Amino acid sequence: MEVWSLILNILLWFGLYVIVSLSLNVEYGYCGIPNFGKALSVIIGAVVVGGIVTRILMAIMGVQGDLVSGSSVVSGKINAVVQSDPVYGIALFVLCLVLAVIIGTIVGALFILPSARLREDYLAITLLAIAETFTMVCYYNPVIVGSYYGVSVPDVFAFVPSSMRYPFIVGVVLSLALLVYILLNRIVNTPYGRLLKAVRENEDVMKAYGRNVMTVRIKTMALGSGIASIAGVLLTFYTLRVQPDSFLNYGRTFWTFFPFLIILLGGAGNNRGVVLGSFIFATLWELVDFYKSNIVSALHLPVEAVWLEYILFGVLMLLILFYKPEGLIKEKPIMTEPIKRKAKKLKS
Amino acid sequence: MSVVEGALIYSNLLTLLALGLTLTYMTTAVPNFAQGSFAVFGSYVALTLWKIWGIHPYQSLPIAFVLGGLLGAGTYLIVLKPLIKRGANVVTLMIATLALDLILLGFRGIYAGILGSIIRQPCEMFMFTYLVKYVFGVPDILLVSFSVIVLTLVGLFLLLYKTKFGIALRASVENPMLSEIMGVDVEKTRLFSWFLSGALASMAGVLLPFKQEIVPATAELIIVSIFAASIVGGLSSIVGAILGGYIVGTSESLVTYILSVLTNNAGLLVYGKVVSLVIIVITLLVAPSGLAGINWRKVIRWRSGR
């Protein structure tokens with residue numbers, strides 16, 4: 001039984017990290033934007049559910065009061081409705097996804113505007129600063145998602161019997177991850193995808209070819225943020241709460257640093273590598289989590305395992321940068337039809 | 001502590017941090033995302049010395065200077081130098097400092113737990129405000145922070161402009177390759193800048209708990225203000241970092257204070273980082289190379305309409 005829940009945990013985090021890391025891979029691996037504010041788009045997904053959809057539901061159901069208390073009342077009511085008719089639950093879920101993707105896309109495009117024409121170091125600093133500031137505002141301002149108290153979210157999968165709920169959510173996460181994988185693989189294998197790599201390799205040459213690097217970056221960030229906000233929605237419906245203090249304490253580590261770790265582990269600029277990286281990371285993380293009480297008691301120290309995990313994964317990142325910066329699966333040259341023909345000709 | 005005094009103390013500390021960030025950016029061209037952790041490292045040095053040996057935080061400044069310097073130098077030697085040798089690009093180096101920040105966060109968490117079990121009180125959050133004494137109606141932390149910054153600036157000036165090593169350092173910033181040909185050990189100047197950066201950040205960290213509470217998220221929040229100060233200054237100018245530190249430090253406290261008085265809403269006081277972010281965005285849109293990059297003669301000519 002324990003092993004079964006371990007497997008489910010691994011699959012859940014694998015799916016979530018596939019979504020976020022693939023979107024970061026389009027931004028960083030393909031287009032070369034060091035998006036150190038990746039966490040923002042995941043948080044946007046959670047805020048859309050907790051701050052916007054919950055408010056709409058409160059208005060529809062006629063629940064009075066502020067967001068913190070009103071959200072738990074409305075969640076109870078919606079749960080009862082969803083239990084009787086799954087259609088409402090699925091419709092609500094789809095609505096949340098669509099809304100989050102739209103808002104995530106807009107936020108992503110706005111997010112990079114101040115620094116879109118600048119060098120990589122400025123880009124990274126500004127993106128990180130915006131994400132951290134937004135996180136902090138969410139934490140302090142009770143109007144957005146309830147500040148310290150957080151917001152309850154209706155269970156859109158309430159129609160699933162409670163014993164099957166976790167496997168069901170894992171299934172939903174994995175199928176959306178597959179969808180994202182297929183979609184992004186399609187996108188990066190178009191002329192647009194090749195343009196991204198060209199911008200990454202040499203901005204000036206692309207400018208000389210008449211491409212507007214700023215527009216390419218804005219479009220890419222819009223795409224990446226829109227997709228990553230899906231993960232925020234999924235995470236919210238898994239935990240059924242939106243907690244801004246967890247954004248503050250874990251946001252940057254879990255949704256910026258770890259996706260970068262996954263990409264560098266698997267191999268930047270190729271989607272198969274990122275999927276492999278996500279799987280290895282999720283497995284490692286869950287195994288450490290599974291054995292953490294043994295590890296901590298073996299050390300004889302008053303230590304929480306999460307700190308050890310931070311050190312472990314920070315060191316892992318440095319080791320990758322030192323010894324295997326290209327990742328486990330190396331980026332392959334792009335083989336378009338004309339290039340394939342040319343290669344054949346050269347061979348014969 | 002009045003609002004203006006608080007703003008000045010904060011500006012002094014921010015200037016120390018921005019100076020350190022700018023120094024390392026000038027020599028190694030990588031923005032150090034672990035600068036906030038360097039500062040909180042100093043806070044924990046001070047807390048340890050105070051709680052276990054009863055050494056007053058002001059007296060622990062020299063110790064924090066040395067230990068912080070060692071942390072900075074160690075960062076360069078262990079993490080950055082090998083990467084630079086392998087020809088890593090700036091993004092790789094930035095990711096490495098981000099990884100270091102996470103490692104330091106982990107060690108900090110463990111250390112806070114161990115220290116807490118030794119002194120039998122929680123150490124995840126702490127403040128030194130109860131240690132502030134008033135000298136002629138002025139909080140002594142204001143005087144101490146001013147003395148630290150004056151000493152730092154005088155020392156830095158003497159070092160950069162009056163010693164051979166300073167000339168070598170400035171030359172290696174201007175043109176690393178040429179100065180290497182002239183026999184300057186660029187490695188040494190880089191190592192020194194990292195030592196100084198860590199040392200200054202650590203001293204700022206010792207004094208920070210006199211102004212605000214140290215919480216687990218302090219390091220990652222203060223980095224926004226540090227970057228704002230450095231970016232306003234142009235990211236690679238020492239004078240710019242000093243100006244930026246004071247501009248960002250005072251506006252963070254004063255703008256939020258004035259807004260909170262005007263709107264009669266004390267809740268606005270916590271949004272200092274939003275001011276920093278606005279300053280970053282305005283700087284990048286109007287003058288991306290910061291105060292140091294503006295051609296002031298041109299501006300004056302344009303203002304006077306000639």
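A crossing of two helices is left-handed if the near helix is turned anticlockwise from the far one by less than a right angle, and right-handed if it is turned clockwise. By that rule, α1(A) passes α12(A) in a right-handed crossing.

Before going on, a word on the model: it is predicted, with local features needing pLDDT of at least 70 and side-chain atom pairs counting only at pLDDT 80 or more, while totals for chains, interfaces and linings use all residues. Residues are numbered from 1 along each chain as its sequence is written, and chains are lettered from A and ligands numbered from 1 in the order in which they are written. Helices (H or I, at least four residues) and strands (E, at least two) are DSSP runs, numbered from the N terminus.

Two packed helices are described by the angle between their axes and the distance between the axes. Here axes are lines fitted to C-alpha atoms, for helices over the stretch in contact, with angles from 0 to 180 degrees between N-to-C directions. Angles under 35 degrees count as roughly parallel, over 145 as roughly antiparallel, 65 to 115 as roughly perpendicular, and the rest as oblique.

| Helix pair | Axes come within | Crossing angle |
|---|---|---|
| α1(A) and α12(A) | 8 Å | roughly 140° |
| α1(A) and α10(A) | 8 Å | roughly 170° |

The angle of roughly 140° makes α1(A) oblique to α12(A). Among the α1(A) residues that meet α12(A) are Trp13(A), Phe14(A) and Tyr17(A), and the α12(A) side includes Phe279(A), Phe281(A) and Trp285(A). Contact means C-beta atoms, placed from the backbone, within 7 Å. The residues of this contact divide into 14 nonpolar, seven polar and one charged; Ala, Val, Leu, Ile, Met, Phe, Trp, Tyr, Cys and Pro count as nonpolar, Asp, Glu, Lys and Arg as charged, and the others, Gly among them, as polar.

With α10(A) the crossing is at roughly 170°, which makes α1(A) roughly antiparallel to α10(A). The α1(A) residues here include Leu16(A), Ile19(A) and Val20(A), meeting α10(A) residues such as Ile227(A), Ala228(A) and Ala231(A). This contact divides into 13 nonpolar, three polar and one charged.

**The core**

Ile19(A) turns up again in the largest nonpolar core, a set of 196 residues in which Ile19(A) and Met203(B) touch the most other members. Such a core is made of buried Ala, Val, Leu, Ile, Met, Phe, Trp, Tyr and Cys residues joined through C-beta atoms within 7 Å. Its largest share, 15 residues, comes from α1(A). Not counting residues up to four places away in sequence, Ile19(A) touches Leu176(A), Ala177(A) and Val180(A), among others.

A residue is buried if 20 or more other C-beta atoms lie within 10 Å of its own, exposed if 12 or fewer, and partly exposed in between.

**Where the chains meet**

In the interface, 41 residues of chain B are in contact with 39 residues of chain A. On the chain B side, α4(B) gives the most, with 19 residues. That side divides into 34 nonpolar, five polar and two charged residues.

Arg120(B), not a glycine, has a positive phi of about 55° and is exposed, because it has 7 C-beta neighbours inside 10 Å. Leu235(B), also not a glycine, has a positive phi of about 65°, but is buried, with 28 other C-beta atoms within 10 Å.

Key
Contact = placed C-beta atoms within 7 Å.
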